[in-house]
Each structure stands twice: as C-alpha cells, then as structure tokens.
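Hi everyone, thanks for coming. I'd like to walk you through one structure today, so please have a look at the screen.

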Amino acid sequence: MVTTGMLSFPDSFSPEGRFLLGISGGRDSVALLGLLRGAGFGDLVLCHLNHELRGADSDADAAWVRDVAEKLGLPSKVANRAVSELAREAELSVEAAARRARLEFFADCAREFGTNRVFLAHHANDQAETVLINLIRGSGSKGLGAMEPISTLKVGDTELELIRPLLHVERDQIPEPPEFREDASNASDAFLRNRIRNRLIPEMEKQSRRPLVPALLRSAEILGEEDRFLEELVAERIDVHQDELLVADLRALPIALQRRAIQHWLRFLGIPNFGFEEIERVRSLIEPEAKVAKINLPADRHVRRREKRLFVE
C-alpha cells in the first residue's frame, strides 16, 4: 500500500479516470471529498442516497450535496429510497436494508456514469465497530477481519470495486471540513452500531484502561491476512466469483473450506445479513443424502440445487 497524505492506496493505484464517491453530507464523507481532490482525483461523481429516515433533515442533506457538487463543478447523482419500507418488505433490519439500498444505488450510478470504482469514507473507528458487530453475530475470521481497503462485490449484474482509503486512520485524526451536515441520529442508541460506538467501546476502554480501537484494528489485520491465505486455498480449488457453484467442487473441499467458499460466494453475489446458520443451510444442499433442494436466505433470496449446481434466485 502507498500512502498519499492521509489516504492509503494499492501500489499501482492512479487518480486518473472517473470515480464515484458515496457522500452523505456528514463529516467523514465530506472530509474524504476534500482529501481526494487534494490528492489529484479530479473526476469524481458525488453519489447521495436519501434514505428518507429523518424527514426534512434527510431532504436537506440531499439538497446540500447537490449544492456542493454544483459549486465544485462535479457531476452528482441524488436518489431517494424509502429504507423503512424496504426493511419491512424484505424482513431486514433498518441497517441491513440501508446497506442493501446503498449498494443497489451505487450499482445504478456505476451503470450511468461508466465506472464501478466507489470511494467510501469508512475509517478505523468504523472498522473497530464492525469487528465487534461481527463478533456478536458469531462470525469467523472472515467477519472478524472486517472491511478491506479494497473489495469487490457483485450487485445484480454489476460488480462494484469499493475503495476505503481512510480505513487505517482514526476519526479524530481526520481533519474536520469547514462545512458539513450533522446527522443527529448518530447520537441515538436505536441502532446496534451506535450502541457499540456510544456505549460499549467507551465502557470496554474504561474497564480495560487501554485504547480499544488500535487493538481491534490489529486483530482485524491479523485475521484478515489469515483469511486471505485460506481464501487462496479455496481459490486453488474452486472459483466462487460466479453465479453458480458445482456441488461436486464443494464436496471435494474440507468442511472448513466449504464454509469459506460458500461465505465468499454469497458475499460476491451481494446477499445481505447472512451468518453461520445460513451458510450451514447452503452447505446442507451438497450432502449426498440431502432431501431438500432449496433453502431461504435474507432479503427474500434463495439458494437452489438443480442438476448438481447451486444458484441464487
């Protein structure tokens, strides 16, 4: 990785070409906008999704992003999605529904603006919170490795490249932009991430008498490296970056690698909010004595076995 100012990129990364920037109007994404422009990223498309969760404040955020794009002479895309309604329809948490809506929005932006490269403003504190969320959910090393600086994700027929150049930087080290929108919901304990940020991490630091974020980042880095090694073992045996998997290919793997291959496959296909139980149900489809040929996934999706193949519908 190469560090440019506060931003970190792979060695071969270049500011040439067009990039999408997910921007909420909040402190972090606006700060990233300024840092990217300072690093020579001139062709940015500001992409803002109004989740319609905060009424007039949400509308004001969207208008603010449009104004910023106009002032900077940058193209922008602002869209609305009723996330609460999506959560009810798909039987998802509001957080999971919001993530699904954002990814679908970025996929739309990628098709419209001709680039699948998306900058996101996740930083070290977000990473630490993600480690704890995944630990609570019972994740393995894949989840505890948390977010990666660059990752790919398939959303429908579109493959997105998600880029997080601030993932190694703690939030209080990121320069505060002169203007941004405050999201009052960040102080609310209605969402799990906020409870972890506002209550759990401060209490754990108080009890352990040491900073927690650096320790969680080290754990994420170690587990992430180990996870990548194990995924290389999977990649040598089976290609999970495809719409279908052959039952015979999965059966040939040890159980630990079966689980890892299924997990990576579901992530590649953009399945939200799945865990160990869903992975095990998918794995049950490859057993020779399996009597069912279809299992349910979150967001009203399904994995089906037909003609010795697994596919999502």
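I'll go through the sheet, then some aromatic rings, then a pair of helices. One thing to keep in mind throughout is that this is a predicted model.

Let's begin with the sheet. Six strands make up an open sheet, and if you read across it the order is β5-β4-β3-β6-β8-β7, with mixed pairing. So which strands stand at the edges? Those are β5, residues 76–80, and β7, residues 150–155. Each has a single partner strand, so one side of each is left without a neighbour in the sheet. If you look along the sheet, neighbouring strands are turned against each other by 30° on average, ignoring direction.

Now please find β3, residues 19–22, and β4, residues 44–50. These two strands run parallel and are joined by four bridges. Helix α1, residues 27–38, lies across β3, β4 and β6, and it runs at about 150° to β3.

Let's stay with F19 for a moment. Is F19 buried or exposed? F19 is buried, at a relative accessible area of 0%, where the cut-off for buried is under 20%. The structure holds 10 aromatic pairs, and F19 takes part in a tilted one with F13, at 5.7 Å centre to centre and 40° between the planes. F19 also pairs with F41, this time edge-to-face, with 5.3 Å between the centres and 80° between the planes. F41 counts as buried too, with 3% relative accessibility. F19 sits in strand β3 while F41 sits in the loop between α1 and β4, so their pair ties together parts that are 22 residues apart in sequence. Ring pairs link F9, F13, F19, F41 and F119 into a cluster.

Last stop, the helices. Helix α3, residues 83–90, packs against helix α4, residues 94–113, at an angle of about 110°, and their axes are 8 Å apart. That angle makes α3 roughly perpendicular to α4, because 65 to 115 degrees counts as roughly perpendicular. On the α3 side, the contact is made by V83, L86, A87 and A90. On the α4 side, V94, A97, A98, R100 and A101 make the contact. What kinds of residues are these? The contact divides into eight nonpolar, no polar and one charged.

That's my tour, and I'm happy to go back to any part of it.

Terms used:
Residues are numbered from 1 along each chain as its sequence is written. This is a predicted model: local features need pLDDT of at least 70, side-chain atom pairs count only at pLDDT 80 or more; totals for chains, interfaces and linings use all residues. Side-chain values use heavy atoms; hydrogens and water are left out. Axes are lines fitted to C-alpha atoms, for helices over the stretch in contact, and angles run from 0 to 180 degrees between N-to-C directions. Angles under 35 degrees count as roughly parallel, over 145 as roughly antiparallel, 65 to 115 as roughly perpendicular and the rest as oblique. Contact means heavy atoms within 4.5 Å. Ala, Val, Leu, Ile, Met, Phe, Trp, Tyr, Cys and Pro count as nonpolar, Asp, Glu, Lys and Arg as charged, and the others, Gly among them, as polar. Two strands pair if DSSP finds at least two bridges between them. Rings of Phe, Tyr and Trp (its six-membered ring) pair if their centres lie within 6.5 Å; planes under 30 degrees apart count as stacked, over 60 as edge-to-face and the rest as tilted. Buried means under 20% relative accessible area, exposed over 50%, partly exposed in between (1.4 Å probe, protein chains only).
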